[in-house]
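I opened the model to look up its strands. My notes follow.

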Amino acid sequence: MLPLAFSQSPSRSYERLGYRIQQAVASPHVQKRQFIELTPAPDESTADWARILSDLEQTTGVRIEHLESGVIRIGWREFSEI
């Protein structure tokens with residue numbers, strides 16, 4: 001697989017963060033347990049983290065938890081069809 005050619009511009013950092021979360025969710029063992037745990041990297045924007053978590057919280061069935069260790073748990077076990 002070819003590496004993605006993201007620029008280092010701040011306007012792309014949200015997209016890189018979204019791709020990071022998407023890759024974590026796509027893992028087969030994650031699909032079974034239905035949650036991921038991520039720690040924000042030092043080079044990731046706190047504003048982008050706040051924005052993407054806000055976007056995810058508005059999604060039906062998605063649950064966000066901020067653990068004391070700084071880890072962010074994103075779960076979707078509570079999915080419901082409407």
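I took strands as DSSP runs of E, at least two residues long, numbered from the N terminus. I counted two strands as paired if DSSP finds at least two bridges between them.

This is a predicted model, so to speak of local features I needed pLDDT of at least 70, with side-chain atom pairs counted only at pLDDT 80 or more and totals for chains, interfaces and linings using all residues. Residues are numbered from 1 along each chain as its sequence is written, and side-chain values use heavy atoms, with hydrogens and water left out.

I looked up β2 (residues 63-66) next to β3; four bridges join them, and they run antiparallel. Ile 64 has Ile 74 of β3 as its bridge partner. Five residues sit between β2 and β3 in their hairpin, where Gly 70 takes a positive phi near 95°.

I then checked β1 (residues 35-38) against β3 (residues 72-75). Four bridges join these antiparallel strands. Glu 37 is bridged to Arg 73 in β3.

What is the order of the strands in the open sheet? I read β1-β3-β2, three strands with antiparallel pairing. β1 and β2 are the edge strands, each pairing on one side only. Neighbouring strands are turned by 15° against each other on average, direction ignored. For that angle, axes are lines fitted to C-alpha atoms, and angles run from 0 to 180 degrees between N-to-C directions.
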